Amino acid sequence: MVKEDESRDRALELFLKIGLDERTAKNTVANGKVTANLTAVIHEASVTDGCDKSIGNLLYTVATKYPASALVHRPTLLEHIVSAKIKTTAQLDAAFSFFSNTGSESFKLHEFEEACGVGVEVSVEDITQTVGEIFEERKSSILEQRYRTNVGELFGHVRKKLPWADQKIVKQIIDAKMHELLGERTAADDEKPAKKKEKPVKVEEKKVAAAAAPQPSEEELNPFKDFPQPEDNFQVHTEVFFSDDRVLRCCNSKEMLNKHLTVTGGKVFTRFPPEPNGYLHIGHAKAMFVSFGLAKERSGCCYLRFDDTNPEAEKKEYIDHIQEIVDWMGWKPFKITYASDYFQELYDLAVELIKRGHAYVDHQTPDEIKEYREKKMNSPWRDRPIAESLKLFEDMRRGLIEEGKATLRMKQDMQSDNFNMYDLIAYRIKFTPHPHAGDKWCVYPSYDYAHCIVDSLENITHSLCTLEFETRRASYYWLLHALDLYQPYVWEYSRLNVTNTVMSKRKLNYLVTKKFVDGWDDPRLMTLAGLRRRGVTSTSINAFVRGIGITRSDGSTIRLDRLEYHIREELNKTAPRTMVVLYPLKVVITNLDAGSVMDLEAKKWPDAQTDTSAIYQVPFSKTVYIEQSDFRMKDSKDYYGLAPGKTVMLRYAFPIKCTNVVLADDKETVVEIHAEYDSSKKTKPKGVLHWVAEPSHGVDPLQVEVRLFDRLFLSESPAELGKDWLDDLNPHSKVVVPRAYALPSLREAKVGDRFQFERLGYFVVDEDSTTSEKLVFNRTVTLRDSYSKGGK
């Protein structure tokens, strides 16, 4: 820790020397990646003794925004900055654009300087004159809008005419010109403009507005547009900074890339590589969408590869589940492979790594390894002879060394600023048979060793993973470079985190094993099996993932109601309507004969007209049932349910008026309601209720069980509650209604059938439904978001 503090102090001192303000410098030091980049930039620019603040700010921008594909040309840019040939952010942005297009290819210096405006001087007088011309052209508009004028547009017009002008000076002159023309800013300038009152929209216009869906964004139309083509994979992927000031710039040679392209035919190859040690959750839905989706969009191929390097964690149950869920999500693997398929190649390459001096057999215990890493100290066995490591590794393979007594470690950089370069373990001894490979091996590769090599062996073009793996990028490319293997293009994207749930396998496993939920497919969980059982469709999940995009912005959590929005959007179009009463209250129609049953027409879809397939029959008889919550003894203006003396409409049926209320012995509990129906339908009440009637006199309606599922946790971020996370469980996340009443038509429902229960929500027939007399329905989602209006 002392050495680490000294290293940070040195970096802070260096950053202050180049003119960064103290706050920026301290924030930079807290970010290991930016610290490494900026330190390298300062050394490359030869300004370790300090420089002007304006130059230092440009160097900081280079460290944070320079295109990684053109790192070989960075010294040229730095030379132009230090010599003040490039001195504005506009010129710097032009340089980034130039090198982004150039990559690692050679270029002509005069073309670069021309593209960046080198030698072009824009005086204050030039800027003042141009700003004056633009203000004169737009004077009437500026006078009308005053300080609500879009200053950004004015900037844009100046930038078109004077692309190399200093933007700070441009801003000063625009601000001064605004003040000159408008005078002091007034309170009226800060008031929001009053909204114009709009005329009521006609019903026909409303229908058109409802049907007109919002235009999808460019990201939604093609979220994969920014990924490079396979033939462009010769550019520098990343830089690996070593503690001895060496910099490894990782890229494929043209010869290596051509060999790869010959094998792949120039197609995109991706992979979805889950560990078969648990059930997939909604975060994996995003991973599938990214990898399978890119391959599909580019007419390429995507492997389903099981990362089964740990023989103790893998189970066939998980492998079968993963294959089933991938298929359910609508993805078709090009090929199903296992990391264990490559155990021999991985072992042979480990031997080669030792021979090249890049790996050694180590005897430190896990605690000793941890201690030495914290102190950035080399293992005492790090520099043992290559021949000795080769013999010991062979002994490990043959089972001659006890488990835990030796590992094979990669010889990387124990003094690096990146802890993922601290001589990572490549192989461990485990005397455990492998579920897929059998008992052939007693040494097994680590994820850090196997993952990148198998990517290379399978000729993956785009290795896509979540942002927590970004710090492993250096190790990934270091290993492939050390073995002279083809290097895929690596790109990290943000994890999918959803509110009111937990996503870690450890927490999910705890909830399942400790019986807080009813298994991995409990509909309250964000596992894909749980979502499927809840009635969520795979297409709505994919629409949700596409909608949030696959950007690199980290730390964001998506509100659950955004997922629910996509679920409703689909089910509204695909789930037929029906009626179910959860908590029945008996209503006797006193002016209808006891034996009379009318078959009324009801619509499966709101806009059903004459299509007979969209119409179903609903029995209406002397005894009907409404929801207990749809009756009150005392009426009020904002209440649309039934009350003594009040009339409501029964959906698809008739208006009924409450004429009498039968109370229990406690004189409070309502037992039964008497009502009269209006057969002429002349009455037009505002309230419309769903209901279920006896199909024939004295016969109860179809009885079903309904399970009302809600959010599993009360707070949006239960994972942030630490050890108290279980206290946040929602005690009402599952409510079972054992004796709801349903229409007779639901008797034919099959497992997986989805319905909209009018006024209640969307429901699916659960697999616990054994017969037509024992139907169980799970609530998928309510009709409206009852938590927030900002979920879309």
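**Exercise 1. Work out how helices H17 and H20 are arranged, and which residues join them.**

Step 1: Helix H17 covers residues 343-355 and helix H20 covers residues 447-457. Helices here are DSSP runs of H or I with at least four residues, numbered from the N terminus. This is a predicted model, in which local features need pLDDT of at least 70, side-chain atom pairs count only at pLDDT 80 or more, and totals for chains, interfaces and linings use all residues. Residues are numbered from 1 along each chain as its sequence is written, and side-chain values use heavy atoms, leaving out hydrogens and water.

Step 2: The two helices pack at an angle of about 110°, with axes 11 Å apart. Axes are lines fitted to C-alpha atoms over the stretch in contact, and angles run from 0 to 180 degrees between N-to-C directions.

Step 3: H17 and H20 are therefore roughly perpendicular to each other (angles under 35 degrees count as roughly parallel, over 145 as roughly antiparallel, 65 to 115 as roughly perpendicular and the rest as oblique).

Step 4: Glu345, Leu346, Leu349, Ala350 and Leu353 of H17 meet Tyr449, Ala450, Ile453, Val454 and Leu457 of H20, where contact means heavy atoms within 4.5 Å.

**Exercise 2. How many disulfides does the structure have?**

Step 1: A search of the whole structure finds zero. A disulfide is a pair of cysteine sulfur atoms within 2.5 Å.

Step 2: Look at Cys301, whose sulfur has its closest cysteine sulfur in Cys302, 9.0 Å away and too far for a bond.

Step 3: Check the surroundings too. Cys301 is buried at a relative accessible area of 9%, and Cys302 is buried at 4% (buried means under 20% relative accessible area, exposed over 50%, partly exposed in between, with a 1.4 Å probe and protein chains only).

**Exercise 3. Is Ser389 buried or exposed, and which residues does Ser389 touch?**

Step 1: Find Ser389 in helix H19, residues 386-397.

Step 2: With 0% relative accessibility, Ser389 counts as buried.

Step 3: Not counting residues up to four places away in sequence, Ser389 touches Ile354, Ala359, Tyr360, Val361 and Arg384.
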